Amino acid sequence: MSVRVGILGATGAVGQRFIQLLEDHPTFELAALTASESSAGESYREAAKWRVNTPIPDDVAEMTVSATSPSAVPDDVDLLFSSLPSGVAAEVEPDFLEAGYVVSSNSSNDRMAPDVPLTIPEINPGHLDLIEIQREERGWDGALVKNPNCSTITMVPTLAALDQFGLEAVQVSTLQAVSGAGYSGVTSMEIIDNAIPHINGEDDKMETESRKLLGAFDGAELELHGMDVSASCNRIPTLDGHLENVFAETAEDVSVEEAAAAMREHPSADLHSSPEQLIHVFEDFDRPQPRLDRERGDGMQISAGGLQETTNGVQYNCLAHNTIRGAAGASLLNGELLVEEGWV
Ligand code: 11C
């Protein structure tokens, strides 16, 4: 089965990752690329300042970029991946949803809307059923599904594994790569010999999105997880890969061995882009490291390490590739889930 797909915001950093990940995809056939009005009519090669580490696929390089409007996207495109800046996405995604497109979006607008599934397929695939409520309430023929922020995706699979011990509170401090800030960060590496102890809006995203992802959905309403999450987000001069130091407080005692086993045994999903093992756990205290470990599982595996017992739970480090597992790969995986579950 082949599903024709498009990318909204195809020339940006995440849009480029979509193109890379869609090359030779067994289900998705790339049929539409949109960008800002100023690029409309250009070939993709002309429109994109290509920066990912593999060449632009030849057929994509010659595709014509259109404006980001439903009338510019062919009707036989069934699924759109969105990597638009959130302000633009908030304005134009509803137009595509009204026009009947299914949109798997990485953009941060609407992630916490009660009728919008915020989904990691290996963690909360059942939340996709919120689409029924969304269609009733908004009158859309299409459907909108979001993936979380990259720093949230890095941590939440490990928390999902630990929740069997009764998660009560989480403190997390992040060391985030410059690619999370888009091109300018990657181009200039202007923070070499420095670190920035703040990322706008990021603490709040980690605190709220984590509770939604691990929340219970009874088919009618989604209840946020009751754990208290406190995040401190920081930018460091790595290129790709967000590293995070997590302190998880649990109701039950949990040993390092039990926590590591829970992470290793957390199921992955039977989807093309899911890694065979969702979480790789290192015994070494100096792993995971961004440069060594971000490409594990083609950039889709989460790594953890440095597990230690604390007085009321465990502490550890975790890592994921922020523009693959944390962005384009996350939306792609949600697209695969939407197909698998019959929404596309
Ligand atoms: C960063 N996590 O590293 C951000 C980038 O909500 O999808 C992604 C922002 C988002 O700066």
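Mentor: A helix here is a DSSP run of H or I of at least four residues, and helices are numbered from the N terminus. The model is predicted.

Trainee: Which helix gives the most to the negative patch?

Mentor: The patch of negative charge on the surface gathers Asp129, Glu132, Glu136, Glu137, Asp270, Glu340 and Glu341. One of them, Glu136, is found in helix α5. With 3 residues, the top contributor is the helix of residues 130-138, helix α5.

Trainee: Does Glu136 count as buried or exposed?

Mentor: The cut-off for exposed is over 50% relative accessible area. Glu136 has a relative accessibility of 71%, so the residue counts as exposed.

Trainee: How many disulfides does the structure hold?

Mentor: A disulfide is a covalent bond between the sulfur atoms of two cysteines. The sulfur atoms of such a pair have to be within 2.5 Å. The number of disulfides in the structure is 0.

Trainee: How far from Cys318 is the nearest cysteine sulfur?

Mentor: Cys318 counts as buried because its relative accessibility is 0%. The structure holds 0 disulfides. Cys318 is in no disulfide, and the nearest cysteine sulfur, that of Cys233, lies at a distance of 12 Å.

Trainee: What separates the C-alpha atoms of Ile7 and Val65?

Mentor: Ile7 is found in strand β1, residues 3-8. Ile7 counts as buried, since its relative accessibility is 0%. Ile7 and Val65 are 58 residues apart along the chain, and the separation of their C-alpha atoms is 10.0 Å.

Trainee: How far apart in space are Ala67 and Glu37, C-alpha to C-alpha?

Mentor: Ala67 lies in strand β3, residues 66-67. Ala67 has a relative accessible area of 16%, so the residue is buried. In sequence Ala67 and Glu37 are 30 residues apart, while the C-alpha to C-alpha distance is 5.1 Å.

Trainee: How many salt bridges does a search of the whole structure find?

Mentor: A pair counts when a side-chain nitrogen of Lys or Arg is within 4 Å of a carboxyl oxygen of Asp or Glu. Over the whole structure the number of salt bridges is 10.

Trainee: How many residues apart in sequence are the parts that Asp76 and Arg4 tie together?

Mentor: Asp76 and Arg4 form a salt bridge whose closest N and O atoms are 2.9 Å apart. Asp76 lies in the loop between β3 and β4 (79-82) and Arg4 in strand β1, so the parts tied together have a sequence separation of 72 residues.

Trainee: Which helix holds Arg325, and how many residues apart are Arg325 and Glu122?

Mentor: Arg325 forms a salt bridge with Glu122, and the closest N and O atoms are 2.6 Å apart. Glu122 lies in the loop between β5 and α5, and the pair links distant parts of the chain. Both Arg325 and Glu122 are buried. Arg325 is in helix α11 (residues 324-340), and the separation from Glu122 is 203 residues.

Trainee: What is omega for the cis peptide bond that joins Arg287 and Pro288?

Mentor: Most peptide bonds are trans. Pro288 lies in the loop between β12 (279-281) and α10 (290-293). The bond joining Arg287 and Pro288 is cis, with omega about 0 degrees.

Trainee: What is the phi of Asp110?

Mentor: Most residues other than glycine have a negative phi. Asp110 is found in the loop between β5 and α5. Asp110 counts as partly exposed because its relative accessibility is 31%. Its phi is positive, near 70 degrees.

Trainee: And what is the phi of Asp193?

Mentor: Asp193 lies in the loop between α7 (183-188) and α8 (202-213). At 78% relative accessibility, which is over the cut-off, Asp193 counts as exposed. Although Asp193 is not a glycine, its phi is positive, about 65 degrees.

Notes
Residues numbered from 1 in each chain as written. Predicted model: local features only at pLDDT ≥ 70, side-chain atom pairs only at ≥ 80, totals over all residues. Heavy atoms only, no water. Patch = residues over 30% accessible without salt bridge, like charges linked within 9 Å, V, L, I, M, F, W, Y side chains within 5 Å. Areas by Shrake-Rupley, 256 points an atom, 1.4 Å probe, with all protein chains shown as cover. Lys, Arg positive; Asp, Glu negative; His and termini not counted. Charge placed at Lys NZ, Arg CZ, Asp CG, Glu CD. Helix = DSSP H or I, 4+ residues; strand = E, 2+ residues; numbered from the N terminus. Buried < 20%, exposed > 50% of the residue type's maximum accessible area, 1.4 Å probe, protein only.
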